[in-house]
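Hi everyone, thanks for making time. Let me put the sequence and the structure up on the screen for you.

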Amino acid sequence: MAVRPVLKMGDPRLLETARPVEDFAAPGLRALLDDMCDTMRALNGAGLAAPQIGIGLQVVMFEVTRNPRYPQAEPVPFTVLVNPVLTPLSDETEEDWEGCLSVPGMRGRVPRFVHLCYQGLDADGNPLDRSVSGFHARVVQHEVDHLHGLLYPMRMKDLRQFGFADTLFPGQALQDD
Ligand code: NI
């Protein structure tokens with residue numbers, strides 16, 4: 001188990017398309033999940049995708065615990081999602097602020113689907129199928145974008161709403177994802 005360095009925007013590996021996981025028995029997969037979890041928690045991230053630590057596999061995880069500083073952020077249970085498929089459940093979108101461990105110190109307003117279904121496999125290869133809304137749906141869309149070589153600034157409609165977190169939100173410590 002180890003905290004791994006997170007690649008930053010500008011690294012071409014963040015622009016690649018990740019490959020599906022085919023062998024859940026591979027010892028390397030367990031080690032990858034352990035390292036991702038250690039890294040996400042050590043850096044206080046809301047989520048992490050394998051390409052962010054240089055592994056081009058379709059693996060993401062996310063977790064949002066209740067934080068008194070951000071009462072508006074609903075908790076999201078710790079979830080490992082492998083080979084994910086997202087299906088929007090309506091055309092409705094909304095914009096909100098996002099950050100990313102690969103774009104450290106920055107925040108931007110990103111449009112996302114409000115309601116979606118995500119399907120895939122959990123850490124043991126068992127099927128996962130959830131319908132979620134709001135912040136949970138946002139986090140999933142952000143993480144799965146990493147598997148398609150997309151960073152949140154590429155989703156933004158108005159780059160005037162992009163800036164440094166300590167300037168946009170002085171005095172607040174915000175969570176990256
Ligand atoms: Ni990210």
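This is a predicted model: local features need pLDDT of at least 70, side-chain atom pairs count only at pLDDT 80 or more; totals for chains, interfaces and linings use all residues.

Residues are numbered from 1 along each chain as its sequence is written, and side-chain values use heavy atoms, with hydrogens and water left out.

So, what does the secondary structure come to? We have three helices and eight strands; these are DSSP runs numbered from the N terminus, with helices being H or I of at least four residues and strands E of at least two. Along the sequence the order reads α-β-β-β-β-β-β-β-α-β-α.

How far does the C-alpha trace span? About 45 × 35 × 30 Å along the principal axes of the protein. Of the 177 residues, 48% count as buried, meaning under 20% relative accessible area with a 1.4 Å probe, protein chains only. Among contacts with a separation of 6 or more, 67% come from residues 24 or more positions apart; a contact here means heavy atoms within 4.5 Å.

Now please look at β3, residues 76-88. Strands pair if DSSP finds at least two bridges between them. β3 pairs with β2 (residues 59-64) in the antiparallel sense over five bridges, and there Val-60 stands opposite Leu-81 of β3. β3 also pairs with β6 (residues 115-121), antiparallel over five bridges, where Pro-88 has Leu-116 in β6 as its bridge partner.

Key:
Buried means under 20% relative accessible area, exposed over 50%, partly exposed in between (1.4 Å probe, protein chains only).
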